[in-house]
Amino acid sequence: KVGEAIITPAFGLKSKYVIHIVCPRYIHGTDQEKTLLAEAYRASLDLHKTVTDADSIAFMSMGTGIYRWPLAIAAKIAVDKLQTSGFKEIIVVVSEHQARDEYLKAVNDYL
């Protein structure tokens, strides 16, 4: 379901696990859509309770591709939720300067 996450072994990858998330689409920018994106992050972070041998987690910029989330909104939701993590290290992977700038702005706004 949208907003849910599961974890599987990473098999041949360099990480221990892979988290699979069902990301919501951005259609109208409603509070319900924003809640679902926040829920996807929360569900991913909650998996830390089930895999105690993982001390870091990495995310792509969730929803900002084909699901059409505006970068500024997605970054704010991500930073908000990632602050509640039990992981020692959190990495957000972005492929464009604009995305990096939006995530840095969201971090600075949070602080």
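This is a predicted model: local features need pLDDT of at least 70, side-chain atom pairs count only at pLDDT 80 or more; totals for chains, interfaces and linings use all residues.

Trainee: What is the phi of Phe11?

Mentor: Near 50°, a positive value in a residue other than glycine. Most residues other than glycine have a negative phi.

Trainee: And is Phe11 buried or exposed?

Mentor: Phe11 counts as exposed because its relative accessibility is 72%, and the cut-off for exposed is over 50%.

Trainee: What about the phi of Arg68?

Mentor: Arg68 has a positive phi too, about 65°, and Arg68 is not a glycine. Look for Arg68 in the loop between β3 and α2. Its relative accessibility is 65%, so Arg68 counts as exposed.

Trainee: Staying in that loop, where is Gly65, and is it buried or exposed?

Mentor: Gly65 lies between β3 and α2. Gly65 counts as exposed because its relative accessibility is 51%. Check Arg25 as well: Gly65 and Arg25 are 40 residues apart in sequence, with C-alpha atoms 9.8 Å apart in space.

Trainee: And Ser61, buried or exposed?

Mentor: Buried. Ser61 has a relative accessible area of 14%, and buried means under 20%. Ser61 is also in the loop between β3 and α2.

Trainee: What does Ser61 touch?

Mentor: Leaving out residues up to four places away in sequence, Ser61 touches Leu71, Val93, Val94 and Tyr103.

Trainee: OK, new topic. Which residues of the largest nonpolar core touch the most other members?

Mentor: Leu37, Tyr41, Phe59 and Met62, out of 21 residues in that core. At least two core residues come from each of α1, β3, α2 (71-82) and α3 (97-110). The largest share is from α2, with 6 residues.

Trainee: Let's zoom in on Tyr41. What does it touch?

Mentor: Not counting residues up to four places away in sequence, Tyr41 touches Phe59, Met60, Met62, Ile77, Ala78, Lys81, Leu82 and Tyr103.

Trainee: Which residues of α1 are buried?

Mentor: Glu33, Leu37, Ala38, Ala40, Tyr41, Ala43, Ser44 and Leu45. So Tyr41 is on the buried list of α1 under the cut-off of 20% relative accessible area.

Trainee: And what covers the buried residues of α1?

Mentor: The cover includes β1 (5-9), β2, β3, α2 and α3.

Trainee: How far apart are the end C-alpha atoms of α1?

Mentor: They are 22 Å apart. The 16 residues of α1 should span 22 Å at 1.5 Å a residue, so the two values agree.

Trainee: How much space lies in the second largest pocket?

Mentor: About 190 Å³. Its lining is Val79, Leu82, Gln83, Ile90, Val92, Val94, Arg100, Tyr103, Leu104 and Val107.

Trainee: Which element gives the most to the lining of that second largest pocket?

Mentor: α3, with 4 residues. At least two lining residues come from each of α2, β4 (89-93) and α3. By class, the lining of the second largest pocket has 8 nonpolar, 1 polar and 1 charged.

Trainee: Last one. Where is Asp53?

Mentor: In the loop between α1 (31-46) and β3 (56-60). Asp53 counts as partly exposed because its relative accessibility is 41%.

Trainee: What is Asp53 in contact with?

Mentor: Lys16 and Tyr17, leaving aside neighbours within four places in sequence. Asp53 and Lys16 are 37 residues apart in sequence and 8.8 Å apart in space, C-alpha to C-alpha.

Note on methods: Residues are numbered from 1 along each chain as its sequence is written. Side-chain values use heavy atoms; hydrogens and water are left out. Buried means under 20% relative accessible area, exposed over 50%, partly exposed in between (1.4 Å probe, protein chains only). Contact means heavy atoms within 4.5 Å. A nonpolar core is a set of buried Ala, Val, Leu, Ile, Met, Phe, Trp, Tyr and Cys residues joined through side-chain atoms within 4.5 Å. On a 1 Å grid over the protein atoms alone, a cavity is a set of points where a 1.4 Å probe fits but cannot get out, and a pocket is an open set with protein on both sides within 12 Å along at least five of seven lines; lining residues have an atom within 4 Å of a point. Grid points are joined across faces, edges and corners, and a volume is the space filled by probe spheres set on the points. Ala, Val, Leu, Ile, Met, Phe, Trp, Tyr, Cys and Pro count as nonpolar, Asp, Glu, Lys and Arg as charged, and the others, Gly among them, as polar. The expected span of a helix is 1.5 Å times one less than its number of residues.
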